[in-house]
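Thanks for coming, everyone. Before I start, please have a look at the chain on the screen, and I will then walk through it from a local detail to the whole.

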Amino acid sequence: MVLREPSLGPVFGIKGGAAGGGYSQVIPMEDINLHFTGDFAAIEKANNLLAALIDNNLQNKEHNLNIDPRTIKWKRVMDMNDRSLRQIVIGIGGTGNGIPREDGFNITPASEVMAILCMSKDIDDLKNRLGNIFVGFTFDKKPIFARDLKAQGAMALLLKDAIKPNLVQTLEGNPAILHGGPFANIAQGTNTILATKMGLSLGDYVVTEAGFGADLGAEKFMNIKCGYGKLAPEAIVLVATIRALRHHGGAKKEEYNTPSMERVSKGFQNLAKHIENCKKFGITPVVAINHFPADTTEEIEFVQTQCAALGVKAIVSYGFAKGGEGTQELAQAVCDVIDAGTNHFKPLYDWNLSVEEKIKTIATEIYGADGVEYSSKARTQLKMILNLGYDKLPICMAKTQKSLSDKETAVGRPTGFTINVREFEFAAGAGFIIPILGDMMRMPGLPAVPASEHMDIDNAGKISGLS
């Protein structure tokens, strides 16, 4: 099992802990959720070292690279949800405090350094990718990269331990590797290539994960990670819940645990689209129905029947309540699919297509959109990407995880909509282009009642409220 590391932002925000639950979790849970081995801190420091070097160069009169402060794209990061840091002004307070300019923070999992760590195969590759980070332009329109600031060596030094995968275990003593932690809604949503390949060298079967649904995590896993890692998955487990189907069928939050065949029937169209998306990659998924106590037999059998009509086996998973014993049927179904050899992985698009064609393919084929619209700002930024020669990179969409569309309130299987690209970013070091859809933010905010309000530690060191 190869998984991502949790981010403190969601831990203290909406989700709480992210090490699993019940009898299906990795341990030590508290350490994994809180800083763990310090990988995120190392990524944060490496990212912010480059930011400090950029501002130091602006201040330096003798070794100045002539960077135009208005063009600097590199942002600072912090592993916390803090909306007030999205757009800030730095360098105020006099000539000794730097050059005043606009800046902002992303959350650490959205840092390109995180993406680079997840794509790097060794220290030399890491340094090369770090050096390729785009910073901005000079006043005479020359592009500036991290290597021009001689930043890559020191940044890699900070990441010397973070590049090593972390070994933990499940409650039942099975080995698990945790490494890397990019979000799937604003980054590529997969663990490191290094960790995945380590897993492949150690076991007959490797189970990995990609964040959110087949429109985000799976799409990015297949089109980005598999491309760079030369990976060809043999099976997909598509995780669903009856609760989620009720939601996509129109249930409000307080109704998620209320059985409703009408809502499950209506919400199944969302799951059907995710099944369809998996098949577009040449893989027929196995659906895992993650069991909750409020699930009824009628609802479960309906989902299984509908999945069977689509040529897909749906198995109820009792991992939370029973651990490994509760997932044996699911595991056997996955092994059967692999042994049958009927899945043949294929990427959704050719990287050599134009940027617009790649985005349109994802929007229409995976999201179900009618087309794509671009803001004037996005079109200007796209021209810059083309001029820099990055148009042959894969696409990493930044999109809400709450809908197949770019509108988070559009539940179920939306139709008759257009995807709106608000702006572009690109990660030259990691190797992908980032269209930002709608109002998607790369620095989340805390909810009205953060999960942190329910967390505590007593005098004996016992932690509560983190799971």
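When I say strand, I mean a DSSP run of E of at least two residues, while a helix is a run of H or I of at least four residues, and both are numbered from the N terminus. This is a predicted model, in which local features need pLDDT of at least 70, side-chain atom pairs count only at pLDDT 80 or more, and totals for chains, interfaces and linings use all residues. Residues are numbered from 1 along each chain as its sequence is written, and side-chain values use heavy atoms, with hydrogens and water left out.

Let us begin with a hairpin, formed by β2 and β3, where two residues lie between the strands and G22 takes a positive phi near 60°. Strands pair if DSSP finds at least two bridges between them, and β2 (residues 20-21) pairs with β3 (residues 24-27) in the antiparallel sense over two bridges, with G21 standing opposite S24. Strand β3 also pairs with β10 (residues 166-170), again antiparallel and over two bridges, and there I27 stands opposite Q169.

Turning to the whole, the protein chain has 15 helices and 19 strands. Of its 467 residues, 51% count as buried, meaning under 20% relative accessible area with a 1.4 Å probe, protein chains only. Among contacts (heavy atoms within 4.5 Å) between residues at least 6 apart in sequence, 70% join residues at least 24 apart. Finally, the C-alpha atoms fill a box of roughly 75 × 60 × 45 Å, taken along the principal axes.

Key: Buried means under 20% relative accessible area, exposed over 50%, partly exposed in between (1.4 Å probe, protein chains only).
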